[in-house]
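Please keep the sequence and the model in view while reading.

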Amino acid sequence: MSQIDRVLRSNLKLRHLQLLVALDEFRHIGRVSEFLSITQPAVSKMLAEIEKMFELQLFVRSTRGTEPTIHGRSVVRFARSVLADYQRTRDEISAAESGGVGRTSVGAMVVALPSLLMPAILRLKQHSRLTTVMVEEGDLTRLLPRLRVGELDLIVGRLEPGYASPDLETESLYDEQMCIVVSPDHPLAHTAQPSWAMLAELPWVVPPPWASSRSKLAQMFHKHFLEPPADIIETSSFLVTLSGMQQRPAIGFLARSVAEHFERQGLVRILKLKVPIELPHVGIITLRGRARTQASELLMESLRAIATARG
């Protein structure tokens, strides 16, 4: 058995793994010391112990703080995966003792939040109120790495083809179109026939460049012989989108079900302008080959039921 095998199988302890992940998160020994409630010399000593075990340098100090080496990044990835499995197992055992069915962690893109994920969670809670669901909002650039190391059990959102990979399993649930929205007091809110030419000169809050909806939006302007808006804020956050619409005020580009949900609450107004574009379906992304917890299975069943009810 190689030295690295020996370290990974038997020498590393839970406190070592926690230290490695904390160092990667904070990139500063002082902050790691505060987070773990140990002294800075103790942090340095424990890191030296770990590096001695591997016979490799895992972190280096630079002007930007304490950064992982190429070997360090691999070990941190391993540490995150083990800690995620540890927490998942601990939660399942604890839930079984209390009569619940555990905990699941889900990454959510804005497109899936109000009309798919939240109704699915409510449905799940009706059957198993002690099941805990941790939701983290973001786009695939943020969520996929966390899915791969086990910090998320599944992702709900658009099944972007650019992120397809052999290690991922996808399940399509439904098609979701986009629409253009403004705040209720925006000058265009009551315009009977807004045009693309009107929109091209105004401020926008748009999806990030890597989102398929963003490239499709640009194509719509080009189709009408217009340049896409230049005065933009880029974000995958609904809160940033809503704040930008209310405070600038800017134009937003949202999934229709999201826009309809918040229009009913009086927060946005959908413009009467068709956006005839084709986008990837909304669905579920999981890691291929990873065993699913009972809580994750229950949530996925609820997601399917809500999607079916949508028609």
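A crossover is called right-handed if, with the strands pointing away from the viewer, the path from the first strand over the helix to the second runs clockwise. In this predicted model, strand 3, helix 6 (residues 113–127) and strand 4 form a β-α-β unit that is right-handed in this sense.

**The chain as a whole**
- The secondary structure of the protein chain amounts to twelve helices and twelve strands, and its C-alpha atoms fill a box of roughly 70 × 50 × 35 Å when taken along the principal axes.
- Of the 311 residues of the protein chain, 48% count as buried.
- Among the contacts in the protein chain between residues at least 6 apart in sequence, 74% join residues that are at least 24 apart.

**Strand 3 and its partners**
- Strand 3 covers residues 103–108 and is mostly covered, with five of its six residues buried.
- With strand 4 (residues 132–137), strand 3 pairs in the parallel sense over six bridges, and in this pairing Gly107 stands opposite Glu136 of strand 4.
- With strand 5 (residues 154–158), strand 3 likewise pairs in the parallel sense, here over three bridges, and Val106 stands opposite Leu154 of strand 5.
- As a general point, the side chains in a regular strand alternate between the two faces of the sheet.

**Thr104 within strand 3**
- Thr104 lies in strand 3, and because its relative accessibility is 0%, Thr104 counts as buried.
- The side chain of Thr104 takes part in a polar contact of 3.2 Å with the side chain of Asp153, and in another of 2.8 Å with the side chain of Ser296.
- Leaving aside residues up to four places away in sequence, Thr104 touches Thr132, Val133, Met134, Asp153, Leu154, Ala295, Ser296 and Leu299.

**Helix 3 against helix 4**
- Helix 3 (residues 29–36) and helix 4 (residues 40–54) pack with their axes 8 Å apart and at an angle of about 100°, which means that helix 3 is roughly perpendicular to helix 4.
- Helix 3 contributes Ile29, Gly30, Val32 and Ser33 to this contact, while helix 4 contributes Gln40, Val43 and Ser44.

Technical notes. Residues are numbered from 1 along each chain as its sequence is written. This is a predicted model: local features need pLDDT of at least 70, side-chain atom pairs count only at pLDDT 80 or more; totals for chains, interfaces and linings use all residues. Side-chain values use heavy atoms; hydrogens and water are left out. Buried means under 20% relative accessible area, exposed over 50%, partly exposed in between (1.4 Å probe, protein chains only). Helices (H or I, at least four residues) and strands (E, at least two) are DSSP runs, numbered from the N terminus. Two strands pair if DSSP finds at least two bridges between them. A polar contact is a pair of N or O atoms within 3.5 Å; within protein, one must be able to donate a hydrogen and the other to accept it, and residues adjacent in sequence count only if both atoms are side-chain atoms. Contact means heavy atoms within 4.5 Å. Axes are lines fitted to C-alpha atoms, for helices over the stretch in contact, and angles run from 0 to 180 degrees between N-to-C directions. Angles under 35 degrees count as roughly parallel, over 145 as roughly antiparallel, 65 to 115 as roughly perpendicular and the rest as oblique.
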